[in-house]
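Me: I would like to learn how to read a few features of a model. Please take me through them one at a time.

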Amino acid sequence: MAHADADAGDLPPPPAKKKSPAEEEAEKRRKKLTPGSLMKGLIRSGAGDATPAEGDQVVLHCTTRTMDGIIVNSTRREHGGKGVPLRFVLGKSKMILGFAEGFPTMLKGEIAMFKMKPQIHYAEDDCPVTAPHGFPKDDELQFEIEMLDFFKAKIVAEDLGVVKKIVDEGLGWETPREPYEVTARITATTADGKVILPSKEEPYFFTFGKSEVPKGLEMGIGTMARKEKAIIYVSNAYLTNSSLMPQLESLEEVHFEVALVQFIQVRDMLGDGRLMKRRVVDGKGEFPIDCPLHDSLLRVHYKGMLLDEPKSIFYDTRVDNDGEPLEFCSGEGLVPEGFEMCVRLMLPGEKSVVTCPPDFAYDKFPRPANVPEGAHVQWEIELLGFETPKDWTGLTFKEIMDDAEKIKNTGNRLFKEGKFELAKAKYDKVLREYNHVHPQDDDEGKIFANSRSSLHLNVAACYQKMGEYRKSIDTCNKVLDANPVHVKALYRRGMSYMLLGDFDDAKKDFEKMATIDKSSEPDAAAALLKLKQTIQESEKKARKQFKGLFDKKPGEISEVAEESEGNKNARDATGSGEAASSADTDVDAKAIPRADSDLAFEEERPGLLGRIWPSARRIISSLGLNRCTIL
């Protein structure tokens with residue numbers, strides 16, 4: 001034990017806790033206190049033994065007197081004040097040094113007299129508050145303080161214009177926000193206790209964010225949970241006019257007593273008001289952790305109708321599906337996008353009404369016969385339940401690979417349907433799960449490595465179809481870093497380089513293919529031929545853009561030649577070929593696709609010269625401008 005003690009004594013002391021800027025400032029001010037500069041006399045004892053701490057709001061009356069007993073100012077009516085108590089938040093509000101040191105010593109209900117030297121009140125160097133007009137700040141003064149109340153404050157507005165006192169805690173953590181529908185019981189008094197909004201039997205109803213209640217009140221309610229009761233202190237700057245209380249400008253402060261009865265979750269799913277989800281029946285669980293956020297097997301009942309014709313029901317699972325619910329797997333494009341987005345944010349047992357624009361309803365999805373093109377629809381959806389995907393924990397390697405193959409096949413189907421983002425999400429999901437898979441022998445290691453490479457190349461194919469060629473290249477590099485002679489990765493990266501306009505790098509990848517694997521020579525040759533054609537087309541277009549550039553006199557601007565109708569038709573034909581192609585989705589299940597079917601360009605994008613810059617030397621040479629330095 002002695003040895004242990006000796007070792008412990010050799011240890012360095014723990015590092016001192018770093019002080020906040022507020023604590024450092026308080027300590028700096030505290031050094032100004034000198035013996036006798038701040039004296040306290042007890043007039044009436046308080047209750048209990050709790051005293052205010054940092055972060056508490058203190059509510060108090062204050063009367064200031066000279067040493068001769070003459071009243072300088074007061075909050076009390078009997079001494080000429082308005083009868084409105086002062087409010088401070090310790091550690092937040094600006095106040096004189098004597099208050100900052102004296103308030104934390106008081107009990108609730110206590111009355112005390114603080115005698116302060118000038119340097120402890122308004123004559124302090126760098127005093128954070130200004131003395132009232134005509135205030136004898138250079139005199140020694142007496143401050144009579146009655147501590148009415150103090151409590152832990154919730155700072156709603158940074159300038160302390162809105163502060164909340166929780167009376168009864170609420171349920172859960174969700175709070176209302178725009179555009180939620182709120183039901184609450186509200187009463188209001190002025191700071192001196194005059195009732196200006198009496199209680200009534202029926203609660204108030206308002207839509208959050210519509211300025212239907214004063215701004216400060218809405219800010220405070222925005223921090224409340226269901227069933228919570230609170231007092232919200234709102235200063236004049238936040239007392240905006242509203243339908244609830246039209247005339248508030250003349251009031252300095254209002255205290256709102258609020259009981260949050262209920263709020264209905266209304267979500268603007270796109271942020272532009274087009275796709276709206278309104279919860280009408282609460283579900284079970286905690287939002288959002290108990291929602292089917294991840295891909296799951298979902299069971300729902302729903303009724304669909306045209307938004308402009310509420311009685312025109314085009315489908316009802318309880319009628320048209322023999323009363324059976326709809327079952328579908330999310331993340332597979334099996335229902336309209338707007339429908340799935342909203343269901344993912346529902347709790348089991350919840351019922352919601354969804355209004356959806358055509359581009360997120362049936363304009364991009366097989367449309368029911370009785371839904372016209374361009375129709376806005378409304379769905380009434382009830383989420384009965386959902387099953388999350390099975391966890392791979394405890395599964396054998398074969399079971400894991402079989403499940404991964406099923407998910408990959410789903411991604412392949414989505415790819416062929418042109419739903420590249422959904423397909424990519426499926427491949428990414430398996431790749432994330434692969435981070436926790438550890439093969440046990442060489443055979444499993446080989447299977448695992450091949451599967452992971454296949455998934456990376458499928459992700460690269462998705463990026464390619466989405467026009468994100470640089471990301472496609474980066475994804476191919478993940479395969480080539482592990483296996484530099486992976487022919488399919490070289491092919492796909494070469495395609496992305498070509499689509500990006502990096503022709504030299506594309507050529508290197510296609511040529512390397514042929515040297516690595518003789519069986520890939522036909523595909524490499526076809527890819528190089530297509531690359532040559534692409535370069536020629538780029539140079540041709542560049543010549544048209546440069547046409548007449550050097551024939552103008554100084555100061556004149558040369559017009560860029562328009563794309564010829566022939567070139568436009570050729571490009572459109574190429575684009576059609578790509579749309580018809582199902583591409584190389586499952587790179588392990590198929591041979592390398594022929595270049596002719598997979599090398600078509602997306603529609604032209606701006607910045608052509610930037611994309612063809614790797615071939616700039618060849619272009620300038622073909623224009624006969626080798627010696628020209630103006631470029």
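Me: In which loop does Pro179 have its place?

Reply: First, the ground rules. This is a predicted model: local features need pLDDT of at least 70, side-chain atom pairs count only at pLDDT 80 or more, and totals for chains, interfaces and linings use all residues. Residues are numbered from 1 along each chain as its sequence is written, and side-chain values use heavy atoms, with hydrogens and water left out. Helices (H or I, at least four residues) and strands (E, at least two) are DSSP runs, numbered from the N terminus. Pro179 sits in the loop between strand 8 (162-168) and strand 9. The Glu178 to Pro179 peptide bond is cis, with omega near 0 degrees.

Me: How do I read a nonpolar core, and which residues have the most contacts inside the largest?

Reply: A core is a set of buried Ala, Val, Leu, Ile, Met, Phe, Trp, Tyr and Cys residues joined through side-chain atoms within 4.5 Å. Buried means under 20% relative accessible area, exposed over 50%, partly exposed in between (1.4 Å probe, protein chains only). Here the largest core has 30 residues, and those with the most contacts inside it are Ile186, Leu217, Ile221, Ile232, Phe256 and Val258. Strand 13 gives the largest share, five residues.

Me: Is Leu160 buried or exposed?

Reply: Leu160 is buried, at 17% relative accessibility. Its phi is positive, about 70 degrees, although Leu160 is not a glycine.
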